[in-house]
Amino acid sequence: MQLENKLKNSSSPYLKEAADQPVHWQEYSDDVLKLASELDRPILLDIGAVWCHWCHVMDHESYSDPQLAELINRLFVPVKVDRDQMPDLDSRYQTAIGALTGTGGWPLTAFLTPDGSVFYGGTYFPRTDTQGRPGLLSLLPQIAEVFSKRRDDITKSAQEVYDQLKEYEVRSSVAGELSENIVKSIISDAKSRYDDKFGGFGTAPKFFNATTLQLLSEVAVAEGDQELDAIVKNTLENISRGGVYDQIGGGFHRYSVDRYWHVPHFEKMLYDNALMLKLYLRPLLTGNSMDRRRIARETADWISKSMASAAGPFYAHQDADIGADDDGSYWTWTREEFQRSLTPEEFRVMEQHFDVRKEPADIAGAPSRNVLRIALSVEDIAGLIGKSAKDVGDMVEQGRRKLIEERSRRMSPLIDTSIFADRNGLAISALVEASLELKTKSYLDAASRSADFILANMTSRKGKVAHAYSEGKVTYDGLLDDEIMFGTALLDLFDVMRSDNYIDSAQRIAEVLLDEFEDKQLGGFFDRPVGGDAGGLLANRKKPIEDIPTPSGNSAAAMLFDRLFTITDNRKYYEVAEKTLKAFAGSAPKLGIFAANYARALLLHFRLQKAVR
């Protein structure tokens, strides 16, 4: 049977980019698993995303090569997956590759038996052997030969990986009694990981860990804890001064490659910006030098303007690069580009403010390009040049406007116009809070437009919310995070707008969760509906409790049901929340900061316990 590349009509921008590659890519489905079984070939699975730089590199250097494509097409059934479109599939194969290699990420390259089980894999593989890394040209024939001649070994290896996945799921869902000691252990883990010089947790690369910061912020304010307040304050100040925050256009890049929050991976994700917006809106116990309201407003503007579709919902993300050979050129500046955009006096101020140098070496492949970060404050510069802080601040703002205008003339990285319900839910919740804290009705209007679109176009009459919407149609069914995050957003809108439609819709979503996602026996919720006969690793049941990096579906579910209880006084919702929290009480402490949202859910439930009892 002769296969062909079938990605031309895909709704995924990542898959569409591969539609002209000589590899005979298939989209993942149970039918493809059956096809691999009929052909008796292993599956080469590529999981990536349109925002992923190394995915573009691998597509360009490997999958566009006719020689390599001929090998793949002859020996394998090649399958390409967009991790944003199918996060449930991605999470399972990430765990499987992690069990094999101890690492994960994108691009994820997995070799599967025809039934979808993993027997070998990794992340990025070069085209040829490079610096000790096996290249695909030599690796592919070896894998095909092992599959053909040592099938028993392959089957055994795949079974061992599958057993490890099952064991992992058992370990991540251990029941126990609810205790404040769980919260204390998670906070203790945050303290042990804290970088007291530059803020954040751990070393490079550094992710925001927004749910951890949210937990510490809430506990600091509630208990007057100066130590936790200092952790949050120092972290937010360092992030706001670094290149990981877009100092020109507002909003946050995905993470920092260094300890200092200086050089980021430049993609901008809707979910990161929603979570960080909420953090910068929250109060701190002590004063601080950063203008949190400015950062919050710029981020809310980026979400509500740059990422909003004409129909209302928010797009998924903006890419880092404009091609495989690019590395953030849209977001960075040479000293000459910077100087041409400004008057001599503005340049004198802005050069010091953002530490713009001739050879900064911020970007390995482009040593003359500067990642803008705040090196000297407006007040510091005012003292150096003998001007008032107001005059210097005005020059900085005027200079920023000119740099925004200059950057707008460049080729802009792609904005993925896919609509994801879970990410929109997070953005809606953040904008509702921004509308209240910043007293800006346009943010509330943007939030309600998104919610109304999803209710009209991505939600069934029963209340089930779809995951993905693209090109005028639903492209993937709803998952736990979609129901939870969007349901939570509806409650946030209801709190402000008091619309019966929002609370009624949230209750219908709650019933869908109980009917289709709940583990009736042990408590908690599966990430996919319980019914169905999905093949491959999707047949594995999974109850997520880790924040990676968005709040886990189960912790957010407990909060959703507790909030429904406070609004409706329906005791059933409270009991569901308690059962969910107990289902993970034995395993959450072992996850440390990656169960921070569980700790937040537990604290909310403890507050309600006093009223119930």
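**Exercise 1. Describe the overall build of the chain.**

Solution. The chain holds 24 helices and 13 strands. These are DSSP runs, numbered from the N terminus: helices are H or I with at least four residues, strands are E with at least two. Next, take the radius of gyration, computed over C-alpha atoms. It is 25 Å, close to the 25 Å that the globule rule gives for 613 residues, so the chain is as compact as a globular protein of that length. That rule is 2.2 Å times the number of residues to the power 0.38.

The model is predicted: local features need pLDDT of at least 70, side-chain atom pairs count only at pLDDT 80 or more, and totals for chains, interfaces and linings use all residues. Residues are numbered from 1 along each chain as its sequence is written, and side-chain values use heavy atoms, without hydrogens and water.

**Exercise 2. Find how well strand E3 is covered.**

Solution. Locate E3 at residues 77–82. Val77, Val79 and Val81 lie on one side. Pro78, Lys80 and Asp82 lie on the other.

**Exercise 3. Identify strands that pair with E3.**

Solution. Pairing requires at least two DSSP bridges between two strands. Start with E1 (residues 26–27): it runs parallel to E3 over 2 bridges. Here Gln26 has Val79 as its bridge partner. Go on to E2 (residues 43–48), also parallel to E3, over 6 bridges. There Ile47 is partnered by Val81.

Technical notes
Buried means under 20% relative accessible area, exposed over 50%, partly exposed in between (1.4 Å probe, protein chains only).
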